[in-house]
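Please study the sequence and the three-dimensional view shown here before reading on. The paragraphs that follow lead through selected parts of the structure in turn.

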Amino acid sequence: MNRYTVMNLREKLENLSVSDYQGLKSPGLTCYLNSVLQVLFMTEDFREAVKRNCSEKPTSIDAHLGDLFSMLEREMAQTHNIVIKLGIKDVYEQRDAAEYFEKILCRTSPEASKIFKGELNHKSTCLKCNKTDDSKNFFWVLPLSIGDPKSSTYSVRQGLNSFLKVQTVCEDNQMFCTRCNEKQDAKIEYEMTHPPDVLVLLLKRFSFDYQQNCYVKLQCKAKVVQTLEIKNCRYRLYAVVHHYGDLMGGHYTADIQSFETGNWYCFNDNTVKSVHKLYSKSEHKSISSTTAYLLMYKMVSGRDKKTDGSALEPYCGPSDETEDRCNEAEPREDLISEHLLQTESRKAEGIPHLDGEIIRN
């Protein structure tokens, strides 16, 4: 067997759709839900926490997640019970993956959801009297503004630094100072007072275009770094949820690195394919993608595990009262509204994975 034949055979074997994991069978076009469910399943601490809590309240979403995870460990699983529990009535209506990621976390037990829970302190200082106001809030997802719609590239690291950077507001953006009793120039900043075990970043690709008077999707390339450092905590990328298409029709998939094998897999509804070759080539480098939407980073060093968030008050719990509040909550302004994605999902088959390229810095 000559070298050409061996190389050709190796390439064919690497491209086979063979995987160590199973896909999800949905009752409709719920790729937005499938992608985040696979991320949660492939998050080791979350999976184990759900298994520990699923027997306590058989009617809670933890029980349904536990059943789903147990089945995924053996075979392809169905999402019917999760769809019903989340109140999804039209399974052919496209929705936002980030929104349903948060909805699931609002309904899971505090032990499981705390893995993704961080805390931000919003600090504002009047530049005239130096009065400072602090406001602490929990978060599941940090929304990063991509910025200029005409920009061709976007750096995730720079975007996160800009989010946490001290900014000055003035003129039309002045803030009201209770001590001065009038609007004043101010200095504002976000401080991460509790870095989460898993940091989730949302790239705000859906922006309102005032010239067209409608929402548009920003197709710029995002430079996704594999490691981040925040508050002396080091994070490593382990999952990317992609959105293909636009507001007229889209599809979600998830690329996830297994904590069991160390390999990367693409979860595309009922199919799972190895994509380790793509990510291993860019290890410790930046990945360039026009489809990256949600980024999941796991803490690998830094904060003492004794302060892992167990002392934090639950942001949302799995009680019936909490579920009612979650269902009635107003849509978050930093997430795209569901009605903007009420179009049929279209498969990403034929679309080059990661736009066909991974770029080294």
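**A guided reading of the model**

Thr-291 lies in the loop between strand 20 (286–289) and strand 21 (292–301). Helices (H or I, at least four residues) and strands (E, at least two) are DSSP runs, numbered from the N terminus. This is a predicted model, in which local features need pLDDT of at least 70 and side-chain atom pairs count only at pLDDT 80 or more, while totals for chains, interfaces and linings use all residues. Residues are numbered from 1 along each chain as its sequence is written, and side-chain values use heavy atoms, with hydrogens and water left out.

Is Thr-291 buried or exposed? Thr-291 is buried, because its relative accessible area is 5%; buried means under 20% relative accessible area, exposed over 50%, and partly exposed in between (1.4 Å probe, protein chains only). The side chain of Thr-291 is joined to that of His-242 by a polar contact of 2.8 Å. A polar contact is a pair of N or O atoms within 3.5 Å; within protein, one must be able to donate a hydrogen and the other to accept it, and residues adjacent in sequence count only if both atoms are side-chain atoms.

Most residues other than glycine have a negative phi. Asn-181, however, is a residue other than glycine with a positive phi, near 60°. Asn-181 belongs to the loop between strand 8 (175–177) and strand 9 (182–184), and it is exposed, because its relative accessible area is 58%. Lys-231 also is not a glycine and has a positive phi of about 50°. Lys-231 is placed in the loop between strand 15 (227–230) and strand 16 (233–246) and is partly exposed, with a relative accessible area of 46%.

Strand 16 contains Cys-233, which is buried, with a relative accessible area of 2%. Between Cys-233 and Pro-196 there are 9.6 Å in space, C-alpha to C-alpha, and the two are 37 residues apart in sequence.

Three strands form an open sheet of mixed pairing in the order 6-14-20; two strands pair if DSSP finds at least two bridges between them. Strand 6 (153–155) and strand 20 are the edge strands, each pairing on one side only. Strand 6 pairs with strand 14 (residues 221–225) in the parallel sense over three bridges, and Thr-153 stands opposite Lys-221 in strand 14.

Strand 11 (residues 198–204) is mostly covered, since six of its seven residues are buried. Strand 11 pairs with strand 5 (residues 142–145) in the parallel sense over four bridges, where Leu-144 stands opposite Leu-203. Strand 11 and strand 21 run antiparallel and are joined by five bridges; Leu-202 has Leu-294 in strand 21 as its bridge partner.
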